[in-house]
Each structure stands twice: as C-alpha cells, then as structure tokens.
Amino acid sequence: MKLSLWFNRLLLCFATLTLIITTSAILLPQFSAAADSIVVTRPPIDDLLKSDLTISERGTQITPSEVERGGTINISSLTVNNQGAAASGSFSVGIYLSTDRQITADDLLLDTYTNRAGVESEESFEWTKKTLVMPLDIIEGSYYIGFFADNADAVSEFDETNNIMAVQISITSPVVIIDRLPDLTFNKSTNLPSFTPPAINSGGSITVSGASVLNQGEALSGSFSCDVYLSNDETITESDTRLGGFDFKDGVGAAQSVQFSESTFTTPPNLAHGDYFVAIVIDRADAVKESNEQNNSFVLASKLIIMDNSQVQVKPVMDSPFEEIGGKIVPVDQPAAEINPIPLPRGQKSWTVFPSAVPAVNEDPSAAAVFGLGTVAHGGGNLSLKVMLGKFSGQVDLYLAIYHQIGDSPGTFFMVSENGSLEIFDGTELIAWKKGTAGPVSEDILGDIPAKNLPSGDYMLFLVASPAGKGISDNYYLWSSSFKTYNKWLPSELDIYYPNWKDMVIDNNLPEIIGDIILNQDLTILSTNPVQVIDGAPLVQGKGTIFRVTVKSSFLTQVSAYFRLSLGTIPNKMWNTKENFPEIWGPVVIQPGESEIVLPYIPAGRENNFYSAQTDPAGIIEGEYFFGTHHPTKRSLPAPIANYCSYTVTIDPENKIKEGNENNNSKYHSTSAAGVKSWRILFVPVHQKPNNPPRLNRVYSVARKSVEYLMATYPIPDNGITWSVAAPTTTVPCPDNASYNCGYATIWEEGVGRGTFFSQLLQKSFKNDYSQYDPYSQSISTDDFDFVVAVTSGGGGGAGGSDKVVAIGDEAYDTIMTHEFTHSVIGVYDIYSADCLVGWDEAYCEHSDGSREYCCIDGLDANHPQDYFCYLNAAGTIECDYSSLVTKNCSESCNNYQSCRNDCSSICSDGTVYSGPDGRVRHPSSKGFWTVKWIEINDRFNYFMDARIEAGTPYPYMWNILGNSIYHCYWGFGPINHQDGYLNILNHTRFKKP
C-alpha cells in the first residue's frame with residue numbers, strides 16, 4: 001500500500017464532508033434529511049483502502065467493426081488500471097457480446113483475459129492482441145463487445161460500478177455457400193469396434209472387428225485409409241505406435257458406410273508392458289478434404305494389457321487339477337511359481353482391470369489382472385470370484401472389498417475377512433484379508449454362485465496391497481474391476497440400510513482409497529444445442545425448442561441420472577412455457593462413453609401421449625378450433641420470446657451420483673432468437689373438372705397434416721400459424737362412395753390454366769353458409785390470408801403463376817403442400833433428377849456399357865435439348881462434368897410417363913430404364929428434430945424438394961436442409977444455386993420480421 005495515496009483518500013473523504021455541508025444542492029444524493037437534522041454519509045475507512053479496477057479506453061481497437069456470423073475480430077490490446085489503494089490480487093476480464101452497453105454476466109461470454117499476479121496500487125496491466133470468433137447462431141444487427149473487469153467478483157473494490165467498457169460492432173449474415181464435401185466418421189449406430197484378446201505379451205497379436213466408417217457428408221470421399229494405433233493416452237499423435245491399417249481405394253459415398261473386415265495386427269516385440277488405449281484413426285494422411293476434420297478418431301472403451309514375455313497367464317480349469325503355464329504342466333495351486341517377484345509398493349498406484357473370466361499374473365503390477373469373474377464376466381450365468389497374485393519381494397497385507405449398489409440407493413461395502421467370509425464395513429475397523437504374506441496367492445473367494453442368486457445392481461471389486469504392518473497409508477497398489485447383474489431381488493434384502501461410504505471420514509483407510517477410485521468415475525456435460533427444426537440453425541421466437549445434450553460417462557456401467565433444465569435468469573422474460581413447466585427431467589439411463597439425450601426428456605413409449613402437467617408435461621397439445629380458425633397440433637415445449645435467451649443444463653442436480661468431479665455437471669448456453677412473421681392459410685375445396693369434387697372429410701385431414709408439416713420444417717412460430725377451411729357452397733354424395741360427402745366452394749373449369757385459376761381464386765370472397773363443416777366462421781375473404789391452398793381430389797399438387805396460391809389433392813402426402821409452398825414462396829425448382837436429362841414424361845435406357853439411348857422428350861426439353869453430363873456414381877453421389885454438354889438425340893415425344901418407359905423397355909434388354917422423377921437419386925436432408933412427433937431427423941431422410949420416396953424409409957421420410965441445394969440442369973446459364981435452405985428462408989422477405 002502506498003501511504004501517500006491512503007492519506008490523500010482520507011483528505012478527500014473529509015474534503016467531501018465539508019463540501020456536502022456548504023454545497024448541499026450540488027451533492028444532494030449524499031444527504032438523508034429528517035425533520036430537524038441532516039445526516040451526512042461517507043465511505044468507511046476500510047473501503048478507502050481497497051483496490052479499484054477500471055478499464056482504459058486508450059489503445060483498445062476492435063477490427064473489423066463489421067464482421068460476419070462465424071467470422072473473427074481482433075482486439076489490439078486491453079489495459080486495466082488499479083486506481084485503488086491496495087493491490088488487486090488475481091482477477092479476470094470477461095469479454096462479452098451484448099445488444100446494449102450494459103454489460104452483465106448474463107450476456108454471452110466469448111473469452112476471458114486472466115491476470116493471476118494481480119495489479120499493484122496505481123499500476124496498470126496490459127494484455128496484447130486477442131482474436132475472437134463470432135457465434136454462428138445469432139441474427140445480424142448491431143452489438144457491443146463488452147469488457148468486464150473482475151467479472152467473477154474475485155476482488156473487493158472501492159467502486160464496483162466502473163469495471164465496464166463497451167465497443168460497438170456490426171454483425172452481418174454471411175453468404176451461405178455449402179461446399180459439397182465428404183465427412184468421414186465412425187458409424188456409431190452399428191456395433192462399436194472391439195478387439196480380442198484383452199491381454200497379450202509384447203509381440204503378440206490382437207484382432208480388431210466391428211468397425212464401420214460412415215460418410216455423413218455430401219460428396220464421395222475418394223480413397224483413404226484407416227490406421228490402428230496403441231497409445232498411452234486418449235490423444236492420438238504420430239509418436240504413438242501404429243499397428244497397421246485398412247485401405248479403402250473406392251472411397252465411401254455420401255450417406256453411405258463401409259464395414260471393416262476383421263483384421264489381425266501384431267504388436268512390436270519390444271513394446272513396454274502396461275495398459276494401452278486402442279484407437280482407430282480415419283484418413284490420418286489427410287488424403288480427403290472433409291467438412292469436419294475433428295471426428296476422425298475413435299478410442300475403444302477397453303484398454304489392451306501388454307505383458308512382457310516372463311508373464312504367466314492362468315487358463316480356466318475344468319476337470320483337471322493341473323494347468324498349462326508357460327509351456328509347463330504344474331499343479332493349480334502353484335500358478336506363479338516361476339515368475340519374478342512383484343516389488344513392494346512405493347507411492348500410491350491404482351489400475352482398473354478389464355473384467356475377464358480368469359486372472360492373469362505378472363511381475364509388473366500394472367500388467368496384472370488380479371480378478372477372475374468366471375462366466376459372468378462375459379454375460380454368463382455363474383460367478384466364481386478368483387483372486388490371483390504372484391510373489392512379492394517382501395511381505396504385504398492384502399485388503400479385499402466388494403462394493404454393491406442398487407440404483408440410486410447408498411452403496412454397501414463388504415470386506416473379505418481372513419476366513420473368507422463377507423463382513424459389512426461399519427466405518428470403524430479395517431479388515432485385512434491376508435496379513436504378512438509374500439504370495440503367491442490363488443484363491444476362490446465365494447465359490448460358484450449362479451448369477452440369478454445375486455441381487456441386481458452394480459458390483460465393484462477392490463484389492464489393495466500395502467507393506468505389512470503399515471496399514472493403508474502412503475504406499476499401496478490398488479486394483480479394481482466391475483460387473484453388473486440384472487436379476488430381481490427379494491424385498492427382504494433391502495430392509496437393512498447400510499451407511500454410505502462417502503459420508504464416512506476416516507483417515508488412511510480403505511474406503512477413502514476406494515472412494516478415490518469411484519470418484520474418478522464422472523459424468524460430464526460436453527455440449528448443449530438448442531434445436532427447433534435443423535441442427536445449427538438460429539432459433540426463432542415463439543417456436544417450440546428441444547435441447548440436445550451430449551454427456552460423457554466414465555462409469556464402468558450404466559447409471560441412471562436426472563437432468564435439470566433451467567430456462568434463463570428471468571425465465572418468463574426469455575422463454576414461454578406452460579404453467580408449472582418442470583425443471584427436473586428423468587431418470588435417464590446413461591451408458592458408458594459419450595451419448596446424447598434430448599430435453600425435455602420423454603420416456604420411450606410416451607412420444608405420442610397428450611399433455612398432462614403431472615404425467616406428460618412435454619406431451620402433445622391438440623390443435624384448437626375457434627370461430628373457424630384452426631391451430632396446429634404441437635408439443636408443450638419452451639419457446640424463446642426474447643431476442644437473446646439463455647439456459648443451463650445440469651446432470652444429477654441433487655448430487656445423488658458419487659462422482660470424481662462435481663463441478664463439470666452444468667453447461668450454460670446463450671443464443672439469439674429471431675422474430676419471424678405469422679402465417680394465415682386458407683384451404684378452399686375446389687371442384688377441378690372433369691374430376692370428382694374433393695371428399696370433405698379429407699379436406700380437413702389434409703389441411704391439418706399439411707400445416708403441421710409446414711410448421712415442423714419452416715421458421716414459423718407454433719402459435720403464429722393458423723388455418724381455416726372455406727365452407728363448401730355445394731355438397732353432394734361422393735361419386736366413388738356415396739356414404740361420404742364431397743363438396744366445393746368454387747369450380748376450376750376444364751381448360752382453364754393453373755395461373756389463371758389461381759388469379760381468380762385470389763379475387764374471391766367465400767361466404768359461410770353455417771354448414772356442419774364450419775359452423776362458427778363468418779365471411780372469409782382471401783384478402784384476410786397470407787396464403788391460399790386449393791384442395792382438389794387426388795394425391796398430387798402443383799404451383800405456378802402465383803406466389804400466394806398452390807393446389808394439392810385431398811389424398812396428398814404430408815409433404816406435398818410444403819413442397820409446393822416452397823415452389824411458390826421461395827421460387828425453387830424441383831431437384832428430382834441426377835442430370836435432368838429426363839423430365840416428367842421422359843425416359844432413357846442406360847446400357848450395360850454406360851452409354852445412353854433416349855426414348856422421348858417432352859416439349860420443354862425439346863426447347864433445351866442440351867444438358868451438362870451428370871450421373872450417379874456407384875457410391876450414390878452425383879457427379880457432373882460442367883466442362884461439356886450432352887445432346888439429346890431423340891425426336892419422339894411422349895404422351896405420358898408409362899408410354900416412355902414402355903418404349904425404352906423394348907430397346908433396353910441389357911440395361912436399366914430411368915424416367916423422371918429419376919428414382920436413382922437421393923438428396924439427403926440436414927439433421928434436425930421433428931418436435932411435434934418427437935422424431936430425430938438424420939440424413940436417412942430425403943429433402944422435401946426431392947420427390948423420391950424410398951420404400952421403408954422411416955416417417956416422415958422427407959425433411960428440410962440447412963444450406964442451399966443445387967439444380968444441375970442446363971437452362972441456358974448453367975447450374976443454379978437455390979436459395980432454399982433454412983438459413984436462406986430465415987432472411988427471406990416473406991418470413992423475416994421487419
């Protein structure tokens with residue numbers, strides 16, 4: 001502390017007191033006036049002696065001042081002054097993104113400056129240049145980069161209100177260019193890769209099987225290889241041991257996968273013994289340019305134990321009292337007679353042993369697999385717990401414990417006594433299994449126990465070796481293993497409550513050490529991602545949102561956990577939910593490794609349940625009907641209502657699960673939400689002559705499911721889409737089935753073109769006759785609606801001539817109206833064909849040698865007889881040669897689809913006939929979530945501008961895409977990059993809120 005500054009502050013304090021008395025009008029806020037007195041306040045002396053951090057505006061420049069979403073900005077420098085009377089101590093400066101100058105910890109944290117040494121009184125500290133990446137999931141507009149000194153409130157300051165500085169920037173939307181690149185990763189939907197055996201000598205071999213590579217990108221990968229590595233840690237580098245690899249010379253097509261063949265790899269003969277991670281790395285040589293280069297490694301769940309050549313592994317015994325050991329036949333009770341002694345423990349070392357049927361002994365304790373679990377280790381029906389150790393170089397005490405836990409109940413510790421009995425550990429006395437032994441050890445502890453007699457739950461085994469007579473203190477070896485049973489137990493077995501080991505505080509004892517092992521098992525939330533329609537897309541206000549959460553579990557067995565979903569610091573100002581929407585969801589079964597869960601959590605089998613505050617708070621809310629206006633069916637989900645919304649996801653919020661790290665169970669996320677327009681849609685039953693009128697019950701059915709699909713795939717608020725049906729002016733028994741009513745509100749005369757009829761439809765005002773179909777609606781005018789859908793009979797649809805009207809059939813699929821809506825509003829062509837060399841009524845023969853023979857063309861393509869040569873390769877990827885054009889050598893015109901196919905069939909005995917829409921092509925959708933039906937969307941689904949419906953494809957079978965699609969046909973100016981993806985739609989004038 002500087003005495004001069006301290007003294008000056010005291011003088012300032014008293015000078016302020018004088019100023020208050022003489023110039024009360026100037027410093028009126030310093031007074032508290034009573035009836036006959038004036039009270040003067042001044043800061044306590046202790047406050048004057050504190051630090052006072054401020055941010056200097058000099059020298060801090062942010063470039064550029066305008067940046068795209070996902071772009072970078074540079075901060076030239078940042079200086080923090082301490083104008084207080086004391087050194088600050090360690091503190092951080094948070095860098096935030098905010099919509100205003102009032103920077104708070106609730107704004108989006110981008111990065112942090114840290115000063116661990118602190119800043120002395122009247123001194124400054126400067127950080128040099130820093131580069132920041134702007135978030136992708138925010139809307140364009142004006143923002144502030146805010147600097148908040150001591151954002152964690154670690155420093156006690158004289159003035160806590162002067163710690164903030166903000167610089168204004170502008171964030172714009174980038175031009176979205178989606179490169180069609182492959183993305184190679186592991187296909188986790190199939191069996192995960194594994195290896196055998198779990199333990200080998202150095203120079204031995206392992207067999208790897210079950211691996212599958214998935215190309216989740218949009219293009220053929222080309223040739224690449226996969227390499228198998230051994231590593232001491234989970235980060236794979238070139239310095240790790242490469243065992244060999246697989247070559248894939250033909251590559252992998254988009255949305256395709258390829259299975260590894262079972263292969264054997266030999267380890268180096270001089271490889272040091274120990275535990276090794278086994279990893280498979282895709283495209284280590286970077287031969288393939290990918291859209292994501294960060295998902296090419298997979299580390300297998302179990303470790304490989306490498307033993308040196310003096311190791312002796314005991315094999316299971318059936319009826320013989322002898323075993324084969326190291327090429328010799330010796331009695332069973334001498335399993336470790338010829339190995340070198342194990343050194344006495346120095347320090348604290350522990351290992352997790354992969355569950356195996358039989359033990360393996362080794363002079364290196366890290367290479368020993370001390371537990372044999374019998375057939376239960378491989379899912380069999382019997383447990384025969386065998387413990388084996390080799391000789392020690394001196395005497396040790398051995399402690400053997402079994403930990404059992406059922407669900408979330410407190411676990412029970414049993415210790416094995418010298419006579420082999422199980423004793424419940426009461427927290428007062430450690431029980432040694434063997435005292436003063438030098439080994440070797442080979443004992444069956446519990447005999448042969450049928451698994452059906454074991455209570456269900458998780459079992460962990462612990463063996464501790466420490467120098468004899470020393471207790472368990474500074475030096476020990478600790479081995480652990482685990483298994484799980486699923487049998488039911490008798491209620492009497494749960495009558496006794498055993499104390500939880502974590503609640504016991506006992507120095508230098510077994511529970512603490514075992515506790516360390518269990519506490520090293522951990523649950524971590526790796527990431528959270530809010531999704532309304534498509535992964536990676538910005539949120540829109542008023543739309544139901546789910547939260548995809550990636551969890552990593554290092555537990556050896558599955559655990560059952562609850563999740564808390566906390567919606568913002570001021571929930572009702574950020575999110576709209578139904579009253580009493582719960583925070584806690586679950587229980588959810590979490591498997592070992594990485595997994596994803598979706599919040600709000602809906603248990604399997606309850607996806608189609610309707611909303612109930614008690615049993616199904618995220619259930620389905622049936623669409624309302626009120627005075628002629630319908631609202632679509634939706635799910636009870638949080639919907640953002642503010643420009644910026646935050647939320648926090650916490651796993652195991654009540655700490656019921658014992659973990660090694662309780663500080664990584666939460667993840668905070670802040671995101672923007674764009675305002676979008678609402679839509680009012682009018683469905684009009686139309687008699688399109690000469691066809692039958694539409695069936696009236698089908699009109700309402702197709703309207704309901706069409707609106708629900710549009711809401712599910714487009715950036716439209718759940719409550720921002722309404723629909724009505726114009727009541728029919730004419731009702732008649734349906735010609736094809738008189739038990740149903742058919743009807744119409746207007747007629748589409750035969751010979752009237754689509755564009756003309758659509759224009760006529762927009763001029764009409766539909767009066768309601770108070771019929772049974774719409775009894776409460778008043779006069780309905782097309783002027784009152786944003787969009788009109790003409791419903792005719794049949795199953796197709798059409799658009800053209802208007803950006804406000806489309807037509808669909810009363811038996812149309814859910815996707816048809818959305819498909820035609822996209823044509824009309826966004827102006828997107830069909831993208832059915834690989835090469836567009838065939839239109840609707842065209843066909844060609846592709847001969848076995850790859851040549852093509854065209855059978856007929858329609859009038860449109862007769863005017864455009866040339867196209868780029870595009871084709872679908874063997875991997876299912878579209879490839880185009882834009883350097884040359886192909887001429888259609890065809891003079892015949894076809895009248896319909898079937899006649900073209902028939903003509904081609906007669907000349908195509910050695911090949912395949914293709915016709916439009918070309919059924920060979922599959923345009924994959926982007927990943928997302930259909931929240932109404934609670935269905936995860938992946939690239940198995942088609943994009944809804946592609947008419948192909950693949951047999952057996954899971955419902956809804958068509959979905960949207962995030963970026964642009966490409967129309968490959970030649971229309972005089974080459975291929976077209978459609979502005980049809982979800983990101984483009986968000987910025988479209990028909991959707992963007994002004």
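**Exercise 1.** Is Arg548 buried or exposed, judged by its relative accessibility?

*Solution.* The model is predicted: local features need pLDDT of at least 70, side-chain atom pairs count only at pLDDT 80 or more, and totals for chains, interfaces and linings use all residues. Residues are numbered from 1 along each chain as its sequence is written, and side-chain values use heavy atoms, with hydrogens and water left out.

Step 1. Buried means under 20% relative accessible area, exposed over 50%, and partly exposed in between (1.4 Å probe, protein chains only).
Step 2. Arg548 has 5% relative accessibility and therefore counts as buried.

**Exercise 2.** Find the salt-bridge partner of Arg548 and state which parts of the chain the pair ties together.

*Solution.*
Step 1. A salt bridge is a side-chain nitrogen of Lys or Arg within 4 Å of a carboxyl oxygen of Asp or Glu.
Step 2. Glu936 meets this rule with Arg548, the closest N and O atoms being 2.4 Å apart.
Step 3. Glu936 is in strand E69 (residues 935-937) and Arg548 in strand E41 (residues 546-553), so the pair ties together parts that are 388 residues apart in sequence. Strands here are DSSP runs of at least two residues, and helices are H or I runs of at least four, numbered from the N terminus.
Step 4. Glu936, at 41% relative accessibility, counts as partly exposed.
Step 5. Asp535, Arg548, Glu596 and Glu936 are linked in a network of salt bridges. The count by this rule is 15 salt bridges.

**Exercise 3.** Describe the salt bridge between Glu583 and Arg564.

*Solution.*
Step 1. The closest N and O atoms of Glu583 and Arg564 are 3.6 Å apart.
Step 2. Glu583 lies in the loop between strand E43 (575-576) and strand E44 (584-590), and Arg564 in strand E42 (residues 559-566), so parts 19 residues apart in sequence are tied together.
Step 3. Glu583 is partly exposed at 39% relative accessibility, and Arg564 is partly exposed at 26%.

**Exercise 4.** Asp397 has no salt bridge; which polar atoms does its side chain reach?

*Solution.*
Step 1. Asp397 lies in strand E32 (residues 396-405).
Step 2. Asp397 is buried, and the nearest side chain of opposite charge, Lys435, is 7.2 Å away. Lys and Arg count as positive and Asp and Glu as negative, while His and the chain ends are not counted.
Step 3. The Asp397 side chain has a polar atom 2.8 Å from the backbone nitrogen of Gly436, and reaches the backbone nitrogen of Gly469 at 2.8 Å.

Key. Polar contact = N/O pair within 3.5 Å; in protein donor to acceptor, adjacent residues only side chain to side chain.
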